[in-house]
Amino acid sequence: MLKPTGKVVGIIKRNWRPFCGMLNISQIKESTRHLFTPADRRIPRIRIETRQASTLAGQRIMVAIDGWPKHSRYPNGHFVRSLGNAGEKDTEQEVLLLEHDVPHQDFSQAVLSFLPKMPWTITPEDMARREDLRNLTVCSVDPPGCTDIDDALHCRELNNGNLEVGVHIADVSHFIRPGNAMDREAANRGTTVYLCGKRIDMVPELLSSNLCSLRSNVERLAFSCIWEMNHEAEILKTRFTKSVINSKASLTYAEAQMRIDDTTKNDDITKSLRGLNKLAKILKRQRIQKGALTLSSLEVRFHIDSETHDPIDLQTKELMETNSMVEEFMLLANISVAQKIYDEFPDCAMLRKHPAPPPSNYDILLKAAKSKGVEIHTDTAKALADSLDVARVDGFPYFNTLLRILATRCMMQAVYFCSGMDSDFHHYGLASPIYTHFTSPIRRYADIIVHRLLAVAIAADSTYPDLMDKQKQSALANNLNYRHKMSQYAQRASVAFHTQLFFKSRGILNEEGFVLFVRKNAIIVLIPKFGLEGTVFFDAKDKAGPKLVFDEEGPTLNVEQHTFRIFDKVKVTISLDASNIQHQKIRMSLIDPVIPGVSVPAPEVEPQAKKPKLDH
């Protein structure tokens, strides 16, 4: 089969940046010329000259490329700075941020100069321009330890028997004015980045954790989206207003759930939560009927030791009804606002879309399901959602979750775009014809733009030229998509690093897992207990390895006499391979099924590492 080929004829612009990595010290005594190996495997080694090689050994350093002479095997560069000792938490976190191009320097004086002067209070002028909602029973529901509270909710019965529901979002655009240094910094950062045990804010902490955070029992400025609904959750009226609120409680998901379930409680906050929960269940049912997807990815939480900051325990996050309750109203607010700003500004609304995956993306999902005699339909999101709902295998309760994890891998990335530059607005995963982000302006810059558009639409704030410039909006959307993607990669890398720390202190563990993918010479295994994926390789590096037969149709892999298929249950040992300090990885070896010459005997695990077995 002929493949289209091409050749590079010229390089217009070099995308060189300083690279993180480590020095390979020259074997020649007294030599000042050494090779540097970048952490990013796509970058060639770089030759540098330095007299401090012996001090830099074992450190992570930054090197910049100066040029690549025509006849040289390696580019030339120079030492920029040291980041600290390899393997240390702070050093590795710095490398991770630099390699993912996450802006994380302290906010400059220029940026900080635009913060409000303390002590800050709401002025009579602010009050005159806003609706006073301080008497409403508003409360927020968030993960434990959350200090940047973007959103709060209320629900109350009206005299006509209908319900009034409000989503109140921090009014960040009141504090961040277009075009000033703080606005430009937030636009560049694009998003707050959450690493394990560290948060890199998009806006300074005075706003993110204090003045914009909708904490309880303080007056805060908000942008409110208020609906009148009947008891079947049908929207009868929608209005948007800038407001002042006073949250009556900041609850965790678990606390909110306990209030809803505790029949002895009947205070205003609890009644409000019960009303919200009841409506949310209806909204969710309606969304799912339209074809919205409920996919699955295993999210992992580390319990971090408060002294050493090392991970002491690893658990997959469990979701409660209240997680879903908050999510339903956030989705509803985002959809309502998207429709409003698009109606007002069809050319320059900042929207979010999720393209449908090309059919070939689903190949692996279809094959995997078929191997268990399950049929999946993928012509529409609804067909996919419905067939995932009925996908069951007797005696294998975990099958459905695994199938949803595989389905998640088939999806496209959701992206921001400017309405005047695109015609396809559909959000595949939410089954909504239009969508945007309005509910998290403390941690996402897109939401600030959406707040500004909505404020102009309801005559609550003035416009400015860049807001109505679709070229500028489109360029901004591209940066936001890039920052969002990099922040997700950085988060994953942070989880991977903390997972390595966790296993470093544990020695070798034996765990049960499932085969997620089958490759030519390996199987990819998911360990549900840790939300961890790893690869079991079957080719021996030094000697003739086992006999392998890979069949792409299945897909199956025959190792000696044993056949591996997707979803097979296996037992593996998990340990940390630290032989390459720059690329430490979790190693898995097969214990069960026993394949002579391939599997390893189960190691004795010290008693304290034993955990209750997973109940599948």
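Tutor: A nonpolar core is a set of buried Ala, Val, Leu, Ile, Met, Phe, Trp, Tyr and Cys residues joined through side-chain atoms within 4.5 Å. Keep that in mind for this predicted model.

Student: Which residues touch the most other members of the largest nonpolar core?

Tutor: In soluble globular proteins, nonpolar side chains tend to be buried together. Here the largest such core has 90 residues, and F329 and M350 touch the most other members. Helix 14, residues 445-457, supplies the largest share of this core, ten residues. A second, separate core has 54 residues, among them A369 and M411.

Student: What does F329 touch, leaving out residues up to four places away in sequence?

Tutor: Its partners include L153, V165, V167, W227 and M229. L276, L279, A280 and L283 are also touched by F329.

Student: How do I read strand 9?

Tutor: Start with burial. Strand 9 covers residues 163-170, and eight of its eight residues are buried. Then look at its pairing. Strand 8, residues 151-157, runs antiparallel to strand 9 over seven bridges. H154 stands opposite G166 there.

Student: Which other strand pairs with strand 9?

Tutor: Strand 12, residues 219-229, also in the antiparallel sense, over eight bridges. L163 has M229 as its bridge partner in strand 12.

Student: Where should I be careful with pLDDT?

Tutor: Where pLDDT is low, the predicted coordinates should not be read in detail. The protein averages 88, and 93% of the residues score at least 70. Over residues 607-616, though, pLDDT stays under 50. The model has twelve contacts for that stretch beyond four places in sequence.

Key
Residues are numbered from 1 along each chain as its sequence is written. This is a predicted model: local features need pLDDT of at least 70, side-chain atom pairs count only at pLDDT 80 or more; totals for chains, interfaces and linings use all residues. Side-chain values use heavy atoms; hydrogens and water are left out. pLDDT is the predictor's confidence in each residue, from 0 to 100. Contact means heavy atoms within 4.5 Å. Buried means under 20% relative accessible area, exposed over 50%, partly exposed in between (1.4 Å probe, protein chains only). Helices (H or I, at least four residues) and strands (E, at least two) are DSSP runs, numbered from the N terminus. Two strands pair if DSSP finds at least two bridges between them.
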